[in-house]
Structures are given as structure tokens and as C-alpha cells.
Amino acid sequence: MANGMGSLMIGHTGLKASQDAINNVANNLANVNTVGYVRQQVIFRDTAYNNVGYTKNFDKKLTGLGTSIGEIVHARDIFLDKAFRTENGRSSYYTAMFEAVDEVQNYFQELEGTAFQDILTGPASLWQSFQELAKDPSDTVNQNLVIQKASLFVSRAQTVMRGLANYQINTNNKISEDIDAINKCAKTIYEMNKEIQGIEVGGREIAMNERDARDNAIDELSKYGNIMYSEQADGTVTLSFEGKFMVDGMFCYEIGKQIDRATGYITPYWPHLSNEQGGYYEQVLDFSQEICTEFDTDIGELKALVQSRGTKISNFNDINNVEADEYDKTTGLSVMQNTEAEFDNLVHGIMSQINELLSPTKKMDELIVQNDDGTYSSFQNVYVLDEENCCVGADGKKPPQELFTRTGCERFQKVSAYDAETKKFRDYYIYNVEDVNDSVRFPATGTLNGKTYQIYDDNNTKVSTFKSFNEQTGRLSEPTALNVPYTPWNKPGNEKYILTTINGFDYYVLNENYSYDLSKQYTTSETEINYNLKRQVTNLPYINSEKEIAYDLAQKLATLWDEQSLCINPRYPTQYTYSEYYKEMIGEIGILGSAYESASESLEDTVYATENQRSGVIGVSSDEELTKMIKYQNAYNASSRYIQTVSDMIEVLLNGL
């Protein structure tokens, strides 16, 4: 009888185990479309054995007591997980970089039939207008054509630059969203760590759902940057992001947003490692290392976005007089900044060289200027209007009109300066140079237009200002030394003093004029067509000093496009014509885009293949689960039939007594 009742218990355990297995299959099927869900597999085990005796060889005679669910396996492959997360981050990096390059190509519309090159050198371009002007510079139709094509050239160039700048703003917004997403993933991992600790502390239960949520958050986080993680003995995960500790069971450090007040650009930083009051920010991303697969520095969408956006809107200043190594670490690192700088360098070169022909300048070693307040100022290496070689328009006025004007200043400023030949003061037209850091913009003496300029002499730690002018010698008096203290505060990007060489000596010039005043430079965004020429096209210079039509000037303007005068960037010293320069620039963008596209597509295939492999381990297959359900149902039915058979047998035994 005891064996009969024990047999019922064995049948009961089989019935219960099969029922639990069916429930597990049902749970898998219910979550077949749940994001991040990992299928659970049932492992059966024997419950226990009773020793009912020994054989003649003293082996135990064991009787089993049934079966039970030994373990529900949370199926994962850590190697596939690691491979997927690494390739997912790398794929996201190259995809974001390709999107940036593709956006640049769209702005130049090389594939839409309205390429910028058509406006530059096409049949109805600025170049063609100067070819027509060379035929008859005095023809108002030709003059008007130059003004119209120049207006179209400036308008189209500004449209391209605005498009690039707007994309930088959109990228900046995406960076902000990515930082929020990263912090959200980090919080999820931290919260799941705590819940897993609480559930698994007794060692009797596995926090399946919480682990799924945490693993899904790690998968999502891998898209944004280079992550390293490891599971600890207590079930929690310790994770670092871009080489810095971020999450464990006790701490969760979020990424902050450092906002540049000038541009509004966001730079991710670690608040807990920074000294914000002291002006120190520990950056999340490190661009000092070469970006390549070998060093795992080409991982993460966040890095790609920050890199492609850059730190500012660039212009020709970021190419000219910049060392190649510095360029590679700054402007050359960003596809947007690099494109802006190269494009603006082209536009700047065209505008400044055309203006130089229409309104030429010459260099003077020194020019002593009498100021409005009666004081005197000395300019070294100053540029003035070349009156001997300049032409004028129909009005005959000097200085001649330039075609492109800066929004912040005129081409020349009229001053009364000492003429060494006549020994008298006469009117000069001083060229307002673009580079405000240049020594010619800072008088070495006195005041100019009511503003005092001081020069800090590093040799004697004094400030020198000149006092008076000696008409006999034609020179200014010796400087008077004054003490000037340093300021305890520093303005990044706009230092108090600028190191400047004057008369062969190094001085620190007080930087009162803001160094980055683009309105006083021939940049794409701060240049417009001369209003005087739009109002009266005949004022375009075409009459020489002999009051004849200046065919030679018109010919120089026409052949300007054939001169190799521009270097595309500090990496390549080769000089190009305007057309060659543009083709080289677009070709460089195309090659870069092709490389990023190829890498992106290849890595997408790798991620897809790895995900498929991983899905074979962690994914739920409805066909496979239905097959298991049939198996467990049959096992359930078999256990039920077994119990019924044992029950009938017991009933027969009881009725026979």
C-alpha cells in the first residue's frame, strides 16, 4: 500500500513539473515581441531517492521519488553580447559620420543639377560675367551683369554656409538628446542593480525580468559610446562609459552638459570629476588619440556627433597661418568645420582678390597719423590705397569702390598722415585689415578716434605710450613708461594682451578690440555686395589714371580664375585655381563620404549577423516553443494516465481485501 501511495506522489511530481513547464512556454510565447525579453528554458531534475536495501555486492537499491523543475535557465551568451555591443557602438559611429558627410554633399547639391560650381564657373556664372566685362568694361550691361552674378554668388554661398551652420545646430540638439538617453540608460541599470540585489539576496530566486531590463539598457547604451562592464558576485553590474566609471550597485554618475555661451554648443562632461567653479570640466570624450578600430576609439554615436559638429562655425581664419598638426587636431577633425573653413577660404579668396584688383593697396613701413584730438599715432607695416595704380568709376571719386563689402567696416578709413616727401600732412586711405590681431591695427602710440591703445613691454614690464610729434625730424617723441598690473581674470579666446611684434620687438598689446569680430573680415556670412554699386553700376572701377578705359584691369579680372592662388588646407600646400580648388574640396568630401558609407554598411551587416546569432540563443521562436508545449502536454497527459493507472490498481487491491 505504501508503494502504491508513493507511486501516486511520483505521478503527482511529473504532473506538477509538466504543468510548470507549460506555464514557462506560455510565458515565452506571451513575450515573443517584448523588447529585451530573453527566453527561459526549463531544466528538469530528480527530486530524491530512497535507499530500500543493498545488493549482494553492497550496491544501494534506490527508488526515485519523482521529478521537479531543477532550474529555469536565463539563456544568454556573454561573448555574443560583448561582440554585439562593440559592433553596435562602432556601427553607430560610422553611420552618424556618414550622415554628416552626406548632409554636406546635399548642401552643395552636386547630385541635383544645381551645383555651386555652376555659379562659380558655369555658363551663367560669376566667372562668365568677368569674361563679358573684359570685352567692354565701360558697357553698363556688362557692369550690371557682374553685379548680378556677384549677388547670386554671395547669396548662394551664404545659403550653403547657413545650411552647414543649421546642421551643426541640429546636431547639437541631437547631442543633447543622446546625453539624456545615456543618463536614462544609466539610471535604469542602477535601479535594476538594486532590485536584482534585493530579489536574489536569499539565493532562492533569479530576477529574470529585472536582468532582461538591465541587459536591454546596456544594449541601448552601447550605441552611444565605448562601454566596459562586468557582473559582480552580488548580481550587480559595474559599468564604465568612455573609460570613466559610471554605474554600480551604489552609485550612478550622470553626464552633464557644458554649454558654450557664444555658440550654444553642448559638450558632455563628468560633473563629479569637474571643478565647475574653478572653470575645469572633465570631458567625457577624448579626441587626443587617433580615431581608429585598433584603439577602439571609433565607437559611439555621441562621439561621432560631437566630432562632426565641431566646436564652432569655422571660416578662412581656421586654415590660413595654421600649422598642419594643429589643424588636424581642431578644424580638420570635424567634417562640418573642415567644410566650412575650406569653403569660406574659397569665397574669401575670390572676394578679397577681386577687391584687391578693383581697389588696390600698397604697403608702407610707417605712417604717422594726426588724430582728431590733436595727438599722433604711428602705424607700422600699414596698407594704404595705391593711388598711382588704382582705377575709378564714372564718378571719378577715390577711393574706388570695392565689389564686396564687409558689414562691420568700410574698406578704407580716411586719415591725415605725414608725407615724408612733401614734409606735410595729407589725406591717406588706410586699409582696414581683416586680421585685428595684426600689429597694424594697434597704433604703437597715443590714441586713435578717442581710444587709447597701450602696449605692454615684456622686457621692462612697462606700458609705453608716445607723446608728441617733432616736425623737424618727422618722428614721434620717445615713449613714456607707465606701470600696468596684470588682471587676475582670464577671458578664454579673448586674452587681455596679445603678443605682437612691433619694430622688431615683442610687445603684448592690450586686446580691447575683440579679436574675433567677423564683421570686419571678408567671410561668407559677413560680406555683401557694395550698395553703392548696386545703386549705380557705373561706379564699378573701369577708368585708369589717364582717364581711359582700363582694359588691362578687366583682363586681369577675367584671368584671375586661371591663377593658382589657393591652398585647400594646411595638410596640402599645393595651390589651385578657383575651379580646381572647388573640385578638390568636393572630391575630398566624396572620398570621405564613400569611406564612411562603406564602413557603415559593412558594420551594419556585422551587427545584423551578430544579432541573428544572439537571437538564436536569447530569442523566442514560436515554432520551437509550440513544439515544446506539445511535448510537455504529452508528458502531462502521461503523468495523468500514470496516476489513473495507479489509482485503479489501488482500488482493485482495496476491493479485493
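**Exercise 1.** Which residue stands opposite V237 of strand 6?

Keep in mind that you're looking at a predicted model. Start from strand 6, residues 237-241, which runs antiparallel to strand 5 and is joined to it by 5 bridges. Now look across from V237: the residue there is E231.

**Exercise 2.** Work out the order of the strands in the open sheet of 3 strands, and find its edges.

The order is 5-6-7, with antiparallel pairing. Strand 5 (227-231) and strand 7 (244-247) each pair on one side only, and they are the edge strands. From one strand to the next, the twist averages 30 degrees. Next, see what packs on the sheet: helix 6 (residues 208-222) touches strand 5 and strand 6, and its direction makes about 160 degrees with that of strand 5.

**Exercise 3.** Check the length of helix 9 and decide how enclosed the helix is.

Then count burial: 22 of the 24 residues are buried, so helix 9 is largely enclosed by the rest of the structure.

**Exercise 4.** Where do the buried residues of helix 4 sit around its axis?

List them first: L126, S129, F130, L133 and A134 are buried. Looking down the axis, these buried residues fall within an arc of 145 degrees, so they line one face of helix 4. Their cover includes helix 3, helix 5, helix 9 and helix 11.

Definitions and conventions
Residues are numbered from 1 along each chain as its sequence is written. This is a predicted model: local features need pLDDT of at least 70, side-chain atom pairs count only at pLDDT 80 or more; totals for chains, interfaces and linings use all residues. Side-chain values use heavy atoms; hydrogens and water are left out. Helices (H or I, at least four residues) and strands (E, at least two) are DSSP runs, numbered from the N terminus. The expected span of a helix is 1.5 Å times one less than its number of residues. Buried means under 20% relative accessible area, exposed over 50%, partly exposed in between (1.4 Å probe, protein chains only). The arc is that of the directions from the helix axis to the C-beta atoms. Contact means heavy atoms within 4.5 Å. Two strands pair if DSSP finds at least two bridges between them. Axes are lines fitted to C-alpha atoms, for helices over the stretch in contact, and angles run from 0 to 180 degrees between N-to-C directions.
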